[in-house]
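Me: I am new to this structure and would like to learn how to read it. Could you walk me through a few features?

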Amino acid sequence: MGGDWHASSSSSSPETVLRIAAVPIDFEEEVVAPLISSYNYHVRPLLDAIDRLRLLKVMKEGIQLPTIVVVGDQSSGKSSVLESLAGIHLPRGQGICTRVPLIMRLQNQDSTEPELFLDYSGKTVPVEEDHIADAISLATDEVAGSGKGISNAPLTLMVKKNGVPDLTMVDLPGITRVPVHGQPENIYEQVTEMIMEYIKPEESIILNVLSATVDFSTCESIRMSQQVDRSGQRTLAVVTKADKSPEGLLEKVSSNDVNIGLGYVCVRNRIGNESFEEARKEEEKLFETHPLLSKMDKSIVGIPVLAEKLVQFQKNIISKCLPKIVRNIDEKLSANVRELEKMPKILSSQAEAMSAFMRIIGSAKESLRKILLSGEFNEYPADNKMHGSARLVEMLNNFSNELRKCVENERTGDFLIEEINVLEEAKGIELPNFLSHSAFLCILQRKIERIESMPMDCVEQTWEYIESVVTAVLKPLSEDYPQLELATTKAAKSLISKMKEQSVNRVLEILKMERLTGYTCNPDYMSAWGKLLSQQQKFMGDLKFYHSNSTTIEGWGTIQIGHLRDISETILQQAFDLKARMKAYWNIVLMRMVDTMALLLKFNVDNLVTKKMEKEIFMKLMGVDGGKSIERILQQSPGIAGKRETLKSSIGLLRESKETVAQMMDRIASYGH
């Protein structure tokens, strides 16, 4: 077949084929037995193709097929109508007789010997015409159980018989609100759900069976069909028991209060032991001689008219849907083939498994290099969380800002008090005008103690983020192999945990070094200290001659000074000098801490991505038995294996469906030559 929809050079497009198949029907002509016309000769290939697609279960692929769906309230006469169309006896009795969807395939044949088959549960069973009702009942019991419950598993009844119309219909359980003994309490909901599933698709023609003895607007089947077909353009009503309630029937079907777009056909039910031929004659006589029913137009009465209309509507809906079916099968087939090609290869040797493993690790390494090192985010353009470099810089900036806030939030109400107290405790037997180094260290250590949790929090936050990125990268690459996914994720988390611990230890060392002594060769320290110290004379003057309790000093802003007037000038000068030195040096400490954290982070991430992660995962998976278990680790999950088989099955089904439609098109096109 290839990729085209033509089985041979003589094939035509779906639209051309449908024009060839379109043979008009005049409903004004007298309809006589049998229930077929030459029109069926052109419809049969279309119907065979659709029936074949239905048997292939192409609807499970989401491709809807044209279907005549027969619905009706319980005791509406649905079975009688179907019996008259098929010329066979269906199961009868109290309660719901149809407990599963019954797909009735009617096919006219020249032979006078009927052929009947039941397809269900994967088997085809030939059935004698006299025993068909019993055979359907037995098959229903096998599919739906021997009770009175229903099942959505269909039976297919093939009827090849001289004189029947070429039709395929789906008969559904009759609608009942009150469960009888042995039926589930929610039988109404079950039946409703089944019916809605079949009548909702736009491709369905709804054959709504109504009893002439009831008000149409009260019928549950009408309410359901109106929910899915408000305009009524795909609903045909057949009115049964016309002989039981002829009064006002003409007005009921003429007024069309329930919006039946495809019109009505009124019929007479077969009574007692009448043969189908006798019933046909009695029906014809009824509509010709009854004083009320004889007034009805002949185009809306009788089983033969119903048969012709159903064949016509069936042809119309198939003609309308065929191009879409062709397109949908082709699109679905192409999509499934592409999806199957994208699925991971089945690994049949240790070499293939090793190659796949190295490919996965290599892909992860490259993705992490882009995300965490080079700042590329083309793999995750819309996911800001995966823009690694930007997020790490944000964390460092937040860390820096939090450190700065600690400096800005220092209290100004007790200006110099801490320095004075420390100087008092650091006094020694020495010259009074030398600044105590131990006092400087004491204040430095106190300041470091106040902020030491912040770099630890930054380390925790950055490694937690790095772990989330690594996991997010590894998961889609290894998810087809569950054991590999678990192993790689475990190995990566273990490595990150160790590296985080190393980072924490390194930060603790940095904090210890900062506590040990004050040192910098940064010229900014001397510059900042000199600028602050130049404010000392103004400060002392304001304290001595300015009677306000506050003043403004550049570098500290507005400070309180009233509490300092009773302290000696020498101590105040030393305290001011100590505070100026500490402020100048503390800015250097904070900058050094942020810079060191940034370099440490960059160094560790580079190590993780370019060296350690690949080695760690490789050693975890290969180190135990020299890589012999790699095949086991790279076994695909049952879900992936199942998906592959499902896709293969679907592709086979769709290819067969495509072939079926192509053969049908060739067959119909040949009629036009």
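Me: Which residues does Thr 660 touch, not counting residues up to four places away in sequence?

Reply: First, a word on the source: this is a predicted model, where local features need pLDDT of at least 70, side-chain atom pairs count only at pLDDT 80 or more, and totals for chains, interfaces and linings use all residues. Residues are numbered from 1 along each chain as its sequence is written, and side-chain values use heavy atoms, with hydrogens and water left out. Contact means heavy atoms within 4.5 Å. By that rule, Thr 660 touches Ala 49, Arg 52, Leu 53 and Leu 56.

Me: Is Thr 660 buried or exposed?

Reply: Buried means under 20% relative accessible area, exposed over 50%, and partly exposed in between (1.4 Å probe, protein chains only). Thr 660 has 11% relative accessibility, so Thr 660 counts as buried. Thr 660 lies in helix α20, residues 638-671; helices here are DSSP runs of H or I with at least four residues, and strands are runs of E with at least two, numbered from the N terminus.

Me: What is the order of the strands in the open sheet?

Reply: The nine strands run β4-β3-β5-β2-β6-β1-β7-β8-β9, with mixed pairing. At the edges, β4 (123-127) and β9 (264-266) each pair on one side only.

Notes: Pairing = 2+ DSSP bridges.
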